[in-house]
Amino acid sequence: MMSSIIPIFIPHLGCPHDCVFCNQKKIAGKTSAPDGETVAHTISEALDKLSGEVPEVAFYGGSFTAIERTLMIEYLEATKPFLDTGKISGLRLSTRPDSIDGEVLSILKEYGVNTIELGAQSMDENVLKASGRGHTAENVRCASRLIKEEGFSLILQMMTHLPQSDKEKDIYTAKEIAKLSPDGVRVYPTVVVRDTYLEEMTKEGRYIPCTPEEAADRGGEILAVFRNSGIPVIRFGLNPTDDLSAGEAVSGAYHPALGEMAMSAYYLSLCEKEIEKTENSGDAIEIRVHPRRISVMSGQKKRNKDILSEKYGFCKVVILGDSDIPEDKVSVRIYKKA
Ligand code: SF4
C-alpha cells in the first residue's frame, strides 16, 4: 500500500522546453519557486497534521533534476533531517528522461530519494516531435535502465491523444513502456489547457481534441496492456482541480471520473472476450463480477449495458456480484428468455 504523501509543488520556472500541452511559459512570473526553508516549513506543518503517520515527500510539478543544481541540492538538504530522523519514509520526484545521468542519480541516492517518475509521454518519435517534447524514445529507454540499475523505483508517465498520435501509436507506447518494467505507470489522456500552444493549434484546426468518452475507450485498451504485464496503473487522467474545472481545461480528456470510465471500458472488453468464447446466442446475458466491480461493469449511466444491448441484441443485461469471481475477471451466461 502506498504511504501518504506530502506534496511539494515546484513550478516549472525556467524550463527551456516547449511541450505543446504545457502552460508554463504563461505562468512563469506569476508563480515563484519555494526555497529550502519554505520546503522544510511545509513538511513540518504537514507532519503536525498527520499525527504519527510516516509519509513520503514528493516533489511534483517540475523537472526536478533539470532545475538549477544549487537549488536542487537546497531542496534535498531541506528534506534530509526529516529522513534522518525517520519522520518521513522516503522521497519521490518527477523529471524528464533527458535530465537523468549517473552523476545526478548518485546525488539523489545520497539524499535518500527512492522513487523517480519519468515523463515519457510517447515512444513514437513523430509524436514526441509534434508535441515539442525535445527528447527521444531512446532517452526514455536509457534513463529507465539507469534508474532501475541504480535501485530506484521507477514510475513512467505516458499521454494519449497527443498531436500526430492515434490508437496504434498510443498502444505501441504502452507496450514499449511495459517492456521497461516500471513499478507503476500514470496515464494522462491529453487535456487542452488554456494559454498553451495546443489551444492555438486547436483553434487553427491543426489539432482535434478527444472527448472524455474517446479517451476512456482508448484507456480501456491501455489498461489491458499494463494489467496483462502486471504493471499497476496508479493514475489515469489528470487530477481534477478547481482551476481546471473552472475553465482552465478548455477541451479534451478532462472529466473527474475519467479513471472509472476507462476501467468500465476495460471491463466491457473483458466481457466481450467472454461473449466471443461462447457459442450460445440468446436474448439475455447474465454477467458475474466481483461485488466491488458491479458499478464499473455497468458503466457510467449504464453505458456498458446499453452498448451490449445494442451490439449483441440482448433485451436483458443483468450484472450480478459474486465474491468467488476474482476482481479482474468476468463470467458470462447467455440464455433464451422463457
Ligand atoms: S518539460 Fe514540457 S511539460 Fe515539463 S515544464 Fe517544460 S514545457 Fe512543461
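Two strands are taken to pair if DSSP finds at least two bridges between them. Helices (H or I, at least four residues) and strands (E, at least two) are DSSP runs, numbered from the N terminus. The model is predicted: local features need pLDDT of at least 70, side-chain atom pairs count only at pLDDT 80 or more, and totals for chains, interfaces and linings use all residues. Residues are numbered from 1 along each chain as its sequence is written.

Three strands form an open sheet of mixed pairing, in the order β11-β10-β12. Because β11 (316–321) and β12 (331–335) stand at the edges, each with a single partner strand, one side of each is left without a neighbour in the sheet. The twist averages 20° from one strand to the next, where angles run from 0 to 180 degrees between the N-to-C directions of axes fitted as lines to C-alpha atoms, for helices over the stretch in contact. Strand β10 (residues 284–289) pairs with β11 in the parallel sense over six bridges, and A284 has K316 of β11 as its bridge partner.

The axes of helix α2 (residues 36–50) and helix α3 (residues 69–84) come within 8 Å and cross at roughly 30°. The crossing angle therefore makes α2 roughly parallel to α3 (angles under 35 degrees count as roughly parallel, over 145 as roughly antiparallel, 65 to 115 as roughly perpendicular and the rest as oblique).

An automatic or database domain assignment divides the chain into domain 1 (5–256) and domain 2 (274–335). The centres of the two domains, taken over C-alpha atoms, are separated by 36 Å.
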